[in-house]
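Subject: The structure you asked about

Hi,

Here's the structure to open up next to this email. Have a look around first, then read on for what turned up in it.

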Amino acid sequence: MFKNYINGEWVGGSQIYRNINPSDTRDLIGEYALADASQVLEAISAAAKIQEKWGLSTPQQRFDILDAAGAEILARRNELGDLLAREEGKTLPEAIGEVARAGNIFKFFAAEALRTGGETLPSVRPGVGVEVTREPVGVVGLITPWNFPIAIPAWKIAPALAYGNTVVFKPAELVPGSAWALADILHRAGLPAGVFNLVMGRGSEVGQILVEDKRVQAISFTGSVATGQRIAQACVARRAKFQLEMGGKNPMIVLDDAELDVAVGAAVNSGFFSAGQRCTASSRLIVTQGIHDRFVTELVRKIESLKVDDARKAGTDIGPVVDERQLAQDLEYIAIGKAEGAKLVTGGQAFGKNPDGAPGHYLRPALFTETSPSMRINREEIFGPVVSVIRARDYDEALALANDTEFGLSAGIATTSLKFATHFKRHSQAGMVMVNLPTAGVDYHVPFGGRKGSSYGPREQGRYAAEFYTTVKTSYTSG
Ligand code: ADP
């Protein structure tokens, strides 16, 4: 049994979670202990007790630990990537890439621990000096989703520790394997007991306790809109700091002047890679009249050539979706799209077994055309390999359609026009804008986050992470 990590010790539990491979549901990856309420409270106590001491640890100490963790993650990227692909279902190259990203994030924040500084200013009063410094927030609760089992934990845990906070980490139920491996690496990297704690379990139990406990000064959450809203209310009620990354309904515009292969390549990647299970995936392709038919023909050809198979098999383009619940949601939206009058031009069929006969949650990538912006498939996040094409008259209408959503995480445009690309970067209501690139796939050293209903609070990643994981102090000295 893989145990929880509380106050520097591995502790078992009376209940277990069976981690199953979505590419082959006969494959049990391992049994993981579920933390009970008293263990979560113990983890919070341990984190609270050591926080002040960890907050005063030297930048060198934090650098050494985070850098060692990053180096181990990078050195083991193939093995950890295999585990990740096995428990989540993204392809092996994608999974290895995600692990490398996690390793690089630890290395980035190791260096940031050395660079954390402040400002010294003269006061407006004579003989007085002013210093502006950053201090840790305290104990932070980190709640993560299943779609990036190691990168999202890394981009929360690494800055939290780098800036002197202590951590209670609750990973998603579906992917405890990568989270456990990360805890094991951090344990061996030399963190003092209590600085980092892993509590695996259900959101409604373990997550809820973290969100409600007064000793947890900040919550960083990535997940669904509904849970994010609940967390926001609980945090406001007890005046905790919080940061939310939630859904997306990311648009990608394709203009008449786009290079067809660039546009199709970006659309296939954005919409279908990782089985469409990325918050930055593009599920709305907004295509202008002059290129519409050529683009759709070429896109369908490309989609039909994608190999949907076991995530870890060489040559697989798209693995299974993560579990039955997600598959049911995808199929439900496909039925809704048909009922709304959209034209399903390819895909959308579930198949329960891969070509080797392994039972898994497989779904052929689906494309709808002739859709209208008000359809539910164009307004609600599906989170699967299901994409719609919306026709637009011209750039102006395409821009208006792109922004006509309650979300605002990422947005893309395929065009060879500098004028339209520049205009789109300025007028898109998204936190991240991509020109001639997929809407998903971002760097690890720059801010990540959205606007409108997608995100709340300061950005994650890069140097901007300091806004969330530190609190500012202004000191005045006379003499
Ligand atoms: P998804 O539909 O992608 O699973 P969720 O928002 O349900 O999205 O889950 C994201 C994370 O939030 C998971 O770690 C989950 O366990 C956790 N979670 C779910 N419900 C709650 C809750 N009421 N309080 C705190 N965390 C929760």
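Leaving aside its neighbours within four places in sequence, which residues is Thr 346 in contact with? Before the answer, one caution: this is a predicted model.

Now the answer. Thr 346 touches Val 300, Ile 303, Glu 304, Pro 365, Ala 366 and Leu 367, once the neighbours within four places in sequence are left out. With Glu 304 there is also a polar contact, side chain to side chain, at 2.8 Å. If you want to find Thr 346 on screen, look in strand β14, which covers residues 343-346. Is Thr 346 buried or exposed? Its relative accessible area is 9%, and buried means under 20%, so Thr 346 counts as buried.

The largest pocket has a volume of about 1,000 Å³. Its lining is made up of 36 residues, and the closest to the centre are Phe 221, Gly 223, Ser 224, Thr 227 and Arg 325.

At least two residues each come from α7 (203-212), β10 (218-222), α8 (225-237) and α11 (324-339). α7 gives the most, with six residues. Sorted by class, the lining of the largest pocket has 15 nonpolar, 13 polar and eight charged residues.

The second largest pocket holds about 290 Å³ of space. There are 16 residues in its lining, and those nearest the centre are Arg 101, Phe 148, Arg 278, Gly 441 and Val 442. Two helices to look for here are α4 (92-115) and α5 (151-162), each of which supplies at least two lining residues. The largest share comes from α4, with four residues. The classes here are seven nonpolar, four polar and five charged. This pocket, too, lies between domain 1 and domain 2, because both give residues to its lining.

Then there are the cavities. How many cavities of 30 Å³ or more are there? The count comes to three. The largest cavity has a volume of about 100 Å³. It is lined by 16 residues, and Gly 276, Ala 281, Ser 283, Glu 381 and Phe 383 are the closest to its centre. β13 (282-288) and β18 (386-392) are the elements that give two or more residues to this lining. By class, the lining of the largest cavity has six nonpolar, seven polar and three charged residues.

The second largest cavity contains about 70 Å³ of space. Of its 15 lining residues, Pro 251, Ala 402, Thr 405, Phe 407 and Gly 408 are the closest to the centre. The lining of the second largest cavity splits into six nonpolar, seven polar and two charged residues.

That's the tour. Happy browsing!

Key: Residues are numbered from 1 along each chain as its sequence is written. This is a predicted model: local features need pLDDT of at least 70, side-chain atom pairs count only at pLDDT 80 or more; totals for chains, interfaces and linings use all residues. Side-chain values use heavy atoms; hydrogens and water are left out. On a 1 Å grid over the protein atoms alone, a cavity is a set of points where a 1.4 Å probe fits but cannot get out, and a pocket is an open set with protein on both sides within 12 Å along at least five of seven lines; lining residues have an atom within 4 Å of a point. Grid points are joined across faces, edges and corners, and a volume is the space filled by probe spheres set on the points. Ala, Val, Leu, Ile, Met, Phe, Trp, Tyr, Cys and Pro count as nonpolar, Asp, Glu, Lys and Arg as charged, and the others, Gly among them, as polar. Domain bounds come from an automatic or database domain assignment. Buried means under 20% relative accessible area, exposed over 50%, partly exposed in between (1.4 Å probe, protein chains only). A polar contact is a pair of N or O atoms within 3.5 Å; within protein, one must be able to donate a hydrogen and the other to accept it, and residues adjacent in sequence count only if both atoms are side-chain atoms. Contact means heavy atoms within 4.5 Å.
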